[in-house]
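Hello,

Here is the structure for you to open. Please have a look at it, then read my notes below.

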Amino acid sequence: QVQLVESGGGLVLAGGSLRLSCAASGRTISTYAMAWFRQAPGKEREFVAAISWGGGTTSDPDSVKGRFTISRDNAKNAVYLQMNSLKPEDTAVYYCTARRSGIWSRKTYEYDYWGQGTQVTVSS
């Protein structure tokens with residue numbers, strides 16, 4: 001079993017930056033694919049970014065491409081999401097998730113473990 005805890009969310013002005021962290025415990029996540037999803041009020045949970053177990057595969061949708069960067073530090077059993085040039089449309093609860101297969105996916109139901117989420121609010 002793996003527990004995931006997100007942190008780093010908060011309030012920020014448009015154009016600002018935040019760095020989200022996801023700390024894993026229970027087991028090592030070094031061989032898992034990791035991803036970030038987000039969910040805004042009244043909207044479905046959407047894919048943000050992912051990284052494979054080897055750290056060399058990432059996926060960024062057009063909505064965040066060029067602004068968000070996912071990374072991992074297996075020694076710390078953690079993953080991160082650096083968010084720059086934030087927009088009000090980025091306001092959502094951000095979730096960290098892990099997939100045991102090690103292969104990233106855009107589908108929520110293909111991930112095995114989920115964190116509780118951290119709120120990101122971007123004001124204009």
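**The disulfide**

Cysteine 22 and cysteine 96 are joined by a disulfide, S to S 2.0 Å. A disulfide here is a pair of cysteine sulfur atoms within 2.5 Å. By this rule the count is one disulfide. The pair links distant parts of the chain: cysteine 22 sits in strand 3 (residues 18-25) and cysteine 96 in strand 9 (residues 92-99), 74 residues apart. Strands are DSSP runs (E, at least two residues), numbered from the N terminus. The torsion about the S-S bond is about -80°, so this disulfide is left-handed. Cysteine 22 and cysteine 96 are buried. Buried means under 20% relative accessible area, exposed over 50%, and partly exposed in between (1.4 Å probe, protein chains only).

Please note that this is a predicted model: local features need pLDDT of at least 70, side-chain atom pairs count only at pLDDT 80 or more, and totals for chains, interfaces and linings use all residues. Residues are numbered from 1 along each chain as its sequence is written, and side-chain values use heavy atoms, with hydrogens and water left out.

Four strands form an open sheet in the order 1-3-8-7, with antiparallel pairing. Two strands pair if DSSP finds at least two bridges between them. Strand 1 (3-7) and strand 7 (68-73) are the edge strands, and each pairs on one side only. Strand 7 and strand 8 (residues 78-83) are joined by six bridges. Serine 71 has tyrosine 80 in strand 8 as its bridge partner.

**Salt bridges**

How many salt bridges does the structure hold? There are six. A salt bridge is a side-chain nitrogen of Lys or Arg within 4 Å of a carboxyl oxygen of Asp or Glu.

- Glutamate 46 meets arginine 38 (2.7 Å, N to O). Glutamate 46 is partly exposed at 29%, whereas arginine 38 is buried at 6%.
- Lysine 76 meets aspartate 73 (3.3 Å, N to O). Lysine 76 is exposed at 58%; aspartate 73 is partly exposed at 23%.
- Arginine 100 pairs with aspartate 112, the closest N and O atoms being 3.6 Å apart. Both lie in the loop between strand 9 and strand 10, so the pair ties together parts that are twelve residues apart in sequence.

Arg38, Glu46, Arg67 and Asp90 are linked in a network of salt bridges.

**Serine 105**

Serine 105 is in the loop between strand 9 and strand 10 (113-114). Its relative accessibility is 6%, so serine 105 counts as buried.

Best wishes
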